[in-house]
Amino acid sequence: MQLLPGNIELTQNPFEKVVWNLLRSELKYDEGILGYKMPSLGSKDSAEIPSFIFRSQLYGIIVIDVVSSKIIDFKEDFQFWIKPDGEEIYSRDIITSNYCRDIKNKLSKSTKLFNNKTEKFLFGDKKNPVKSLVIFPDNKMSDFEDGDFVNESINPIIDKDYSNEIKKFILSCKASDITHDQIDEIDSILEGTSVFNRKRERILEEGKTRNDLIKNL
């Protein structure tokens, strides 16, 4: 598996590192690509990007977001979530859904991946080939029993017992009908939108002189 960890070591969300390691362990034998906070289609604001995106021929495309804090309440039809300190954050559920929709819209422009006549995709879940999950690592499902959030949420959600649930979710995403040509096409499209830009390389050592620095740049 190819890892694109980005700035995972600098994350202010401590749960993301734990989930990252779980995903690495669970998917280590898969020939896919796992990325952290990969740019959305045209968006550079990290707040509008889900935590993780994974792509492989076996599982298709999986998007996972990890909520950074316990959520104690909701406002405006669940568009805004309330943290224990009273801070309001925009729904990570909606952000994740929008991100997945952007990916599907981009993929649907390829005749290798989408049948315009039937308006269905040609791989994985024909209606919804981009699977998504929102994790509430500081909540219990019972925290949401007083409202309709569980029923109204756009994406599947799991709570603080996420370790085993992540494994079950990944297994449920298996899509054995994805061809090599299709996965190459998916990679090409995602690379073109910078979601999986494997051409970027970091400079690990600083040049000792100005000429060395210019040369590296």
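In this predicted model, E87 is partly exposed, with a relative accessible area of 38%. Its partner is K83, and the closest N and O atoms of this salt bridge lie 3.0 Å apart.

Side chains of opposite charge can pair when their charged atoms come close.

| Salt bridge | Closest N and O atoms |
|---|---|
| K83 with E87 | 3.0 Å |
| R92 with D65 | 2.8 Å |
| E9 with K17 | 3.9 Å |

The salt bridge between R92 and D65 has its closest N and O atoms 2.8 Å apart. This pair links distant parts of the chain, since R92 belongs to helix α2 (residues 92-107) and D65 to strand β4 (residues 60-66), 27 residues apart. R92 counts as buried at 12% relative accessibility, and D65 likewise counts as buried, at 0%.

Is the glutamate of the remaining listed pair, E9, buried or exposed? E9 is exposed, because its relative accessible area of 60% lies above the cut-off, exposed being over 50%. K17, with which E9 forms a salt bridge at 3.9 Å between the closest N and O atoms, is partly exposed, with a relative accessible area of 31%.

Technical notes
Residues numbered from 1 in each chain as written. Predicted model: local features only at pLDDT ≥ 70, side-chain atom pairs only at ≥ 80, totals over all residues. Heavy atoms only, no water. Salt bridge = Lys/Arg side-chain N within 4 Å of Asp/Glu carboxyl O. Buried < 20%, exposed > 50% of the residue type's maximum accessible area, 1.4 Å probe, protein only. Helix = DSSP H or I, 4+ residues; strand = E, 2+ residues; numbered from the N terminus.
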